[in-house]
Amino acid sequence: MAYPFLSFYHQAYSAVTDFSFYRALFEQSLHKTLIYLFYLATHVAAILTLTFALHYGPQFLSIADWAQQNFPPFEVEDGKLRVATDQPLVKKYPGKQLITFVFDTTGTYSDPQELEDPAFLFTEEKLYFRYLGQTQSYSWKDWGPFQAGPKEFEHFTTLVKWAYFPIAYSLILVYTVVVKGLLAALLTVVGLSASVRYDIRLPFQQHFTIALYSLTPAIVIDLAVTMTGLDISYFYLIYLVTAAIYTYMATQKCVAVE
């Protein structure tokens, strides 16, 4: 293997704990930098995929089991919802977070703002989802024809169990590679401001390498917060400030004459 995992772990640890480490890597090839990005993304994707499954998986399975037993059979045909029961029908999921589900094709409930969120409103033409004061709507005609009943809910739950890990991991992996790469490119501006102070202009590739590795501490903090399930206001600002400080200090370490 051209870039073993042990080398990745050593570099990731040094990127967090030792600014002098950046002097040894900022002139490395772009190829090695991109490999580091890929290995970083694979670890982030694995941790987040598992964390989301542990935090939200049990609740999803509980809601799916409850829906299988409490939802009426319904179908969508020609862009219209048809429900096989008297309406309006209101069901409340009695979990840690109370969730309201309303089936109504009669027009009695037409405004999801009438419902305490989180809430789902199934109308003849649209599905409404209301959460934290915000409402999203989805037209049935965009979904195509389908049927839903106890058997379909059971099949859907089984499918999610099998498909979650490969699909979630792949999506998070691609998202991480793209977003972290773009963020590192933006952070090169911070590195540039540090090098200009010493009247030194580094090539973009070297600024990119420094910025990408400087993302490591912010990513570690982000993963720790996500794993604990804490909800920290304006955390993304903390994330960006951490990455910017590391980028500035690391660039300064690389260009300063000692």
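User: In what order do the three strands of the open sheet with antiparallel pairing stand, and which of them are at the edges?
Analyst: In this predicted model, three strands make up an open sheet whose pairing is antiparallel, in the order β2-β1-β8. The twist from one strand to the next averages 15°. Because β2 and β8 (146-148) each have a single partner strand, one side of each is left without a neighbour in the sheet, and the edge strands are therefore β2 and β8.

User: Which residue in β2 stands opposite V76?
Analyst: Strand β1 (residues 74-77) pairs with β2 in the antiparallel sense, and four bridges connect them. Within β2, the residue that stands opposite V76 is L81.

User: What is the phi of D78, and is the residue buried or exposed?
Analyst: D78 belongs to the loop between β1 and β2, and its relative accessibility of 67% makes it count as exposed. Most residues other than glycine have a negative phi, and most peptide bonds are trans.

User: Which backbone oxygen lies 2.7 Å from a polar atom of the side chain of T123?
Analyst: T123 is in the loop between β5 and β6, and because its relative accessibility is 11%, under the 20% limit, it counts as buried. A polar atom of its side chain lies 2.7 Å from the backbone oxygen of K126.

User: What is the order of the open sheet of five strands, and which strands stand at its edges?
Analyst: The pairing in this sheet is mixed, and the order is β3-β4-β5-β6-β7. With direction ignored, neighbouring strands are turned by 15° against each other on average. Each of the two edge strands has a single partner, so one side of each is left without a neighbour in the sheet; these strands are β3 and β7.

User: Which residue in β4 is the bridge partner of V90?
Analyst: The strands β3 and β4 run antiparallel and are joined by five bridges. In β4, the bridge partner of V90 is V102.

User: Where is P94 placed, and what separates its C-alpha atom from that of I63?
Analyst: P94 is placed in the loop between β3 (89-93) and β4 (99-103), where its relative accessibility of 62% makes it count as exposed. Along the chain P94 and I63 are 31 residues apart, and their C-alpha atoms are separated by 9.3 Å.

User: Which residue in the turn of the β6 and β7 hairpin has a positive phi?
Analyst: Six bridges join β6 to strand β7 (residues 134-139), and the two run antiparallel; among the paired residues, Y128 has S137 as its bridge partner in β7. The hairpin has two residues between its strands, and the turn residue with a positive phi, about 55°, is L132.

User: At which residue does α4 bend, and on which residue is the kink in α5 centred?
Analyst: Helix α4 (residues 150-196) has 47 residues and should span 69 Å at 1.5 Å a residue, which agrees with the 65 Å between its end C-alpha atoms. Helix α5 (residues 204-228) reaches 36 Å, close to the 36 Å expected for its 25 residues. The kink in α5 is about 30° and is centred on P217.

How values were computed
Residues are numbered from 1 along each chain as its sequence is written. This is a predicted model: local features need pLDDT of at least 70, side-chain atom pairs count only at pLDDT 80 or more; totals for chains, interfaces and linings use all residues. Side-chain values use heavy atoms; hydrogens and water are left out. The expected span of a helix is 1.5 Å times one less than its number of residues. The bend at a residue is the angle between axes fitted to the seven residues ending there and the seven starting there. Two strands pair if DSSP finds at least two bridges between them. Axes are lines fitted to C-alpha atoms, for helices over the stretch in contact, and angles run from 0 to 180 degrees between N-to-C directions. Buried means under 20% relative accessible area, exposed over 50%, partly exposed in between (1.4 Å probe, protein chains only). A polar contact is a pair of N or O atoms within 3.5 Å; within protein, one must be able to donate a hydrogen and the other to accept it, and residues adjacent in sequence count only if both atoms are side-chain atoms.
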